[in-house]
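I set out to look up a handful of local features in this model and to note each of them with the cut-offs that define it. The entries below follow the order in which I went through them.

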Amino acid sequence: LLSVKQSRIVKKVTFLDESISGPIVHKFQALTSLEKQDMDSANNDWVSDGYSLPHAWQHRSQSLDFAGEEVELLEQVTIDSVYKLKCPDLKLLCPNKSENVRNVNKNTVDQENAVDLESGGYSRYVTNNEVILADIIREKGTPKESAAYVRAGPRKTLFFDPENSSAGIVTCGGLCPGLNNVIREVVKTLFDVYGVKRVYGFRGGYGGIYNLEPLILTPEVVSDIHLKGGTILSSNRGGFDEEKIIARLKELQVNQLYLIGGDGTMRGANALYQASLKEYEKSGFLFAVAGVPKTIDNDIDLIDRSFGFNTAVTEAIQAVRSAKTEALCAPNGVGVVKLMGRHAGFIATHACLASGDCDLCLIPEVPIEIEGPNSCLEHIARVLRKRGHAVVIVAEGAGEELLGKQQEIDAGGNRKLPAIGYFMKTKIKEYLMSIPDPIEATVKYIDPSYMIRSVKANAADALFCLLLAQNAVHGAMAGLTGFCVGLVNNRTVYIPMSAIVKNSPRKVNPRGRTFERVITTTGQPRIPISKRNASLFKSMSSRVIV
């Protein structure tokens, strides 16, 4: 939306609204009564010429001053069509079950203040027609279409009556910083904002829903859990059985289930959402399924990042600095640090760049060459000759082209990985002693994996967890289901689980700017990427599967 103060010129607007026949384009065509009603419901302010600017956008525009600045109209950079990824909405799927309760923030509204009551105690309501564009980088030749996600936030009416609602929370997969934060904020939002009376904490992943007695979670129970790492619900892989899960939820009359987990968990959650609709048709029992994506590897696609990733990188840097200290204090010292990253090397690349102490960064997306002109071992030898010490970071999933793929899998369906860290430690020592001018090196190996994932969230991730948890509850209470909450272009949005499942996992682009910075920082050889593999790393606008 290109808009400025009322006195300034508005060039063009394109806004997708599924309730009208087409987009609004050029010169602010007169709004229909249906549009006005929809925008009024979002607490928007109307400008005097009869055209609407949502309050938050209008406030933002009025706070900017471009007077005297040189501007240029980019006529060839336009967006003609916006395609919204719609999340399943129980108000549309099961309209007869909707309670249509007015959303009033129990924690902030003043019952004697008419203004507070009108706004429900929120700064404003959000509608399903507010979207965040996915493709914000535009240039000449960029397609004139963009995907868009529904903006997260409180809705004016609720599908579920809080007085008659019960919720369940489950954590699946491996540990990650911030799990307790998400649990805490989901519970506090359900109780303090909406007034829900009962929240179950299912222990031990999917299998614990039907195998173990749940915890009864209250604001008092979760008051200080954010000060600890891990999850008070414990976590586990596998155990997914939709029939047993639904039977248990039906027994407890849980009408909202919040799932915190990675792409495997979200695949199960998507299947559970589909099964929930079939159960409704069969028995009338209905529940919403909301996902909070969790992956310490940061490999869930479409979102900017996952909670806990910031903390993981911070902790990883401590291991890298310890490795450098060990390397500095030994003759021809080499510190090898293995970091988490099964399919993607995000932790490894970010720790490399943030620490500034890395001389070689090996990730799953780039083949490891130990012979020839691009040999990483010869690069280490050059660094030792020049500086007398070196630090190597290797992601756990790197080097399968050298060691082969293991056939053994864990309970979550993940293939076990070869011991790339020990392999590199051995190869470095062997190579340095085999060259014409041998280097007798001291190689130290550090694996901080479980230390990184078991710590409590840092300040940035703690705030991030709060945003995700609150908005997950806003979406589920309003009747959205089969959705994940995430950050896209630094805005909190709702994404269909099916889209998350289709597009994940994501990988570091070996031809992208992040890995280019790695090569610049470390000085390591640039490994050619075949055209066959290059197709895996397309731009977002051409890669999103809807």
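I began with Pro505, which sits in the loop between helix H16 (497-503) and H17; helices (H or I, at least four residues) and strands (E, at least two) are DSSP runs, numbered from the N terminus. This is a predicted model, in which local features need pLDDT of at least 70 and side-chain atom pairs count only at pLDDT 80 or more, while totals for chains, interfaces and linings use all residues. Residues are numbered from 1 along each chain as its sequence is written, and side-chain values use heavy atoms, with hydrogens and water left out.

I noted that the peptide bond joining Ser504 and Pro505 is cis, with omega about 0°. As a reminder to myself, most residues other than glycine have a negative phi, and most peptide bonds are trans.

Ser234 has a phi of about 60° and lies in the loop between strand E10 (215-217) and helix H7 (242-252). With a relative accessible area of 34%, Ser234 is partly exposed, given that buried means under 20% relative accessible area, exposed over 50%, and partly exposed in between (1.4 Å probe, protein chains only). Asn489 has a positive phi of about 50°, is placed in the loop between strand E17 (483-488) and strand E18 (491-496), and counts as partly exposed at 24% relative accessibility.

**The chain as a whole**

I recorded 19 helices and 18 strands in the protein chain, and 51% of its 546 residues count as buried. Taking contacts (heavy atoms within 4.5 Å) between residues at least 6 apart in sequence, I found that 74% join residues at least 24 apart.

**Helix H10**

Is helix H10 enclosed or open? I found seven of the 10 residues of H10 (residues 346-355) to be buried, so the helix is largely enclosed by the rest of the structure. The buried residues are Phe346, Ile347, Ala348, Thr349, Ala351, Cys352 and Ser355, and they pack against helix H9 (309-328), strand E13 (333-339), strand E14 (360-362), strand E15 (389-395) and helix H17 (513-522). After H10 comes Gly356, with a positive phi near 70°.

**Cysteines**

I counted zero disulfides, a disulfide being a pair of cysteine sulfur atoms within 2.5 Å. Cys176 is in none, since the nearest cysteine sulfur, that of Cys465, is 7.7 Å away, and at 1% relative accessibility Cys176 is buried. Cys361 is likewise in no disulfide, with the sulfur of Cys352, its nearest, 4.6 Å away; Cys361 also counts as buried, at 1% relative accessibility.

**Met424**

I placed Met424 in helix H13 (residues 420-434), where it is buried with a relative accessible area of 0%. Leaving aside neighbours within four places in sequence, Met424 is in contact with Leu362, Cys376 and Leu377. The C-alpha atoms of Met424 and Leu377, which are 47 residues apart along the chain, are separated by 9.1 Å.

**Cavities**

A cavity, on a 1 Å grid over the protein atoms alone, is a set of points where a 1.4 Å probe fits but cannot get out, and lining residues have an atom within 4 Å of a point.

Which residues lie nearest the centre of the second largest cavity? Of its 14 lining residues, these are Leu362, Val366, Pro367, Gln524 and Ile527. E14 gives the most to this lining, with three residues. By class I noted 11 nonpolar, two polar and one charged residues in the lining, where Ala, Val, Leu, Ile, Met, Phe, Trp, Tyr, Cys and Pro count as nonpolar, Asp, Glu, Lys and Arg as charged, and the others, Gly among them, as polar.

**Nonpolar cores**

I took a nonpolar core as a set of buried Ala, Val, Leu, Ile, Met, Phe, Trp, Tyr and Cys residues joined through side-chain atoms within 4.5 Å. The largest has 78 residues, of which Ile169, Ile183, Leu190, Tyr258 and Phe307 touch the most other members. Apart from it lies another core, of 37 residues, including Tyr273, Ala275, Ile300 and Ile495.

Key:
On a 1 Å grid over the protein atoms alone, a cavity is a set of points where a 1.4 Å probe fits but cannot get out, and a pocket is an open set with protein on both sides within 12 Å along at least five of seven lines; lining residues have an atom within 4 Å of a point.
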